[in-house]
Each structure stands twice: as C-alpha cells, then as structure tokens.
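Reader: I am new to this structure. Please show it to me, and then let me ask about it.

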Amino acid sequence: MKIGVLTGGGDCPGLNAVIRAVVRRSIANNHQVIGIKKGWKGVLEKDFMELNLDTTSGILHRGGTILGSSRTNVYKSEDGEKRAIENLKAMGVDALVAIGGEDTLGVANKLHKAGVNVVGVPKTIDNDLNATDYTFGFDTAVNVATEALDRIHTTADSHSRVMVVEVMGRHAGWIALHSGIAGGADVILIPEKPFVIDEVCDIINKRASRGKNFSIVCVAEGAKLKADENEQKDGSFVLSSLKKDSFGHVMLGGIGNVLAEEIEKRTGFETRSTVLGHIQRGGSPTAFDRVLGTRFGIFAAELVQKGEYGKMAALKGNKIIAVSLQDAVGKLKTVDDELYSVAEAFFG
Ligand code: F6P
C-alpha cells in the first residue's frame, strides 16, 4: 500500500519526529510512503516527495517540518473536495496520515466522510485540540515562554518596571497559563477569562505596596476585555491586522503593546512589552515532544495497518489511544477553572 503523509497549519516542534516514526513503522509494515508538500496545498497541486529511511534520517531533533506547511483549506478552493480525492488517487495514495490542528484535521474529517482513508495526529503548540490530553509542540512552546519570562524577570527587577509578555494562544490560554505559572507571572490573562484593566492595575499596585518594584504580566494573544470594558464590537481587544487566513482566522498580535501603554497610563509605573511570537514555534523540540511525536507517529502507522480510518492518535493519561476525528474537531479544548485558580493564588 502507498501511504501519504502531510503536515498542515502552523508549524510546530516535533513534526519531523512524527514523520520519521510514521515512515519507520510503515516501511517495517512493507508499505511505501510519500510526503505531500505544504499540507493540503500539496494535495491540490499533486506536489510530493518520496519518504524513506534516507530522506527521514537525521531529522528527529530538527524544528519545523521537512514537508513544509500551509494554511490552505481544501474546502475554500473551487471543487476542492473533488480535486483532492482525484489527486490523491492520481498520486496512488491508499491511505493518508494528516498531522495538524483543528483546521487541518477538520479537512481530514470531511475527506474521510467523503471516502478517503485518513488517520490524524494532533499537532499544535496551543494545546487546544479536543480529545487528547496534550498535543506535541506545546511542551516546547511552554519551555521557550518560561525561559523568556525568567529572562524578563531580571531586567524588570533591575529597572523597576512592569513587563507585559505576549504569548501565542488564539482561543485558549494554555501556553500563557503554563508558562505563567512556571515563570512566576504576577498576572496571567487568557481568552477564557475576560479581564478588566483596572483589576490588572490593582494587582500591580498591591505588589508595589508590599515593596515589589516590578511586575510581570503574561498575556495570551487572544485575551479579551470584559464586555462592558470592550471598545471593539467583535469582542477582541486589539488586532494588529485584519488580514485573514483561508480558515477565516484574523491574524492576531498586538494586545501586549496596547495593554502595556494602558498600564503605564493608569498606574504611573514605567511599562514595557515583549511579543514572543513565532519564537515559540521555531527551533528544536524538547525531549518530551520528541517522545510524544514518535509515539503518535508509530500509533498512526498502526491505525493505517489495521485499517482504522477516521481516527486520531491521542494521549490519555500515559497511554496513546484512538479517538474519532469527529470528536477531536468538534470543539476546542479550553483551560479549566481549576488550573486557572492555581495561577490566581499568585496574582499580586
Ligand atoms: O500554531 C497556532 C498559532 O500559534 C496560534 O497561536 C497563532 O495565532 C497562529 O499560530 C499564528 O500563526 P501564523 O502567523 O503562522 O498564521
């Protein structure tokens, strides 16, 4: 059988570990593997490369994806579904392993319903994919953001400043929450918990009143003001750009700068902001993400071997299990109150 592998959406540390594992196990199962380039774009353009032990050697520790990625949505392109099915046939693909987040796997799920043999692997630094405890890439992003917070601490302390650190997280605040707890942030703002600027300033003032000359605010890019405070009708605080990708997502980034200005104005404390951006997505995966990606890849190859299509490899506790693609893409996994309350114990 010929197995196709693709990586779609934002890139993520650990993608190459998954590709390598799918190839290793599939070749051991006597199958041929091709890598479809740039996610669904490669399916629409029949753009692929051979994947074998040579082409996947030495990639385990490398960030990004050797296949390239894109945010191309098959269903936004004319006759997309029909063309995708025809092209997969033309490339000789009998089964497809789609490695991606909600958008990529949403397309995989639709194609599966249209008759394509697909299995999924959960990828996103945001960790917001449903039906799995963790996605690979998240641990690396949290470690990068935590190291940044540690570094921000020393300069904040030296200059007696408030430092606002903006991290990724469009719909869910997992990176902000985990790195904020690990990096000792004094306030953590996430999309799930709309905030009031004066309450943020109160926390900073409270710290100052007990002699703390600096504060660290960790804010997810998708954090929102409470409705009555909101000056923008769409519920978002500040959008640096109104450009949208082919899944309709507005490109975010900018809340940190605006919040920093507002904090300085309202508290009088000198405030700076740092936007971590794509630094969180680039570079080498942590050991945890290499292991998780490898386990997901081996499991996905076994799902193909058993003909269990329409499923996704997922982490539940310590075990890798199969869940339906439908469950994975039905809704996003957002931060729960219990974890947020752990962080709140250290606010102020
Ligand atoms: O990978 C997911 C994500 O990191 C989001 O948190 C972020 O909004 C988005 O990617 C930005 O990606 P890009 O700039 O590549 O469109």
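This is a predicted model: local features need pLDDT of at least 70, side-chain atom pairs count only at pLDDT 80 or more; totals for chains, interfaces and linings use all residues.

Reader: How far apart do the C-alpha centres of domain 1 and domain 2 lie?

Author: Domain 1 covers 2-136 + 285-329, and domain 2 covers 139-281. These bounds come from an automatic or database domain assignment. Between the C-alpha centres of the two domains the distance is 33 Å.

Reader: What area is buried between domain 1 and domain 2?

Author: In contact (heavy atoms within 4.5 Å) are 20 residues of domain 1 and 17 residues of domain 2. Buried area is the accessible area (1.4 Å probe) that two parts lose on being put together, summed over both. Carbon and sulfur atoms give 53% of the area here, and the total is about 1600 Å².

Reader: Which element gives the most to the side of domain 1 that touches domain 2?

Author: Six residue pairs, both at pLDDT 80 or more, are in polar contact across the interface of domain 1 and domain 2. For pairs within protein, that term needs N or O atoms within 3.5 Å, one able to donate a hydrogen and the other to accept it; residues adjacent in sequence count only if both atoms are side-chain atoms. On the domain 1 side, helix H4 (102-113) and helix H9 (287-306) give two or more residues; helices are DSSP runs (H or I, at least four residues), numbered from the N terminus. With three residues, the top contributor is H4.

Reader: Which oxygen distance does the side chain of Arg71 have to the ligand?

Author: Residues around the ligand (a heavy atom within 4 Å) include Arg71, Gly169 and Arg170. A polar backbone atom of Gly169 is 3.4 Å from a ligand oxygen. For a polar side-chain atom of Arg71, the distance to a ligand oxygen is 3.0 Å.

Reader: Which residue forms a salt bridge with Arg25?

Author: A salt bridge is a side-chain nitrogen of Lys or Arg within 4 Å of a carboxyl oxygen of Asp or Glu. The whole structure has 14 of them. Arg25 has its closest N and O atoms 3.1 Å apart from its partner, Glu302.

Key. Residues are numbered from 1 along each chain as its sequence is written. Side-chain values use heavy atoms; hydrogens and water are left out.
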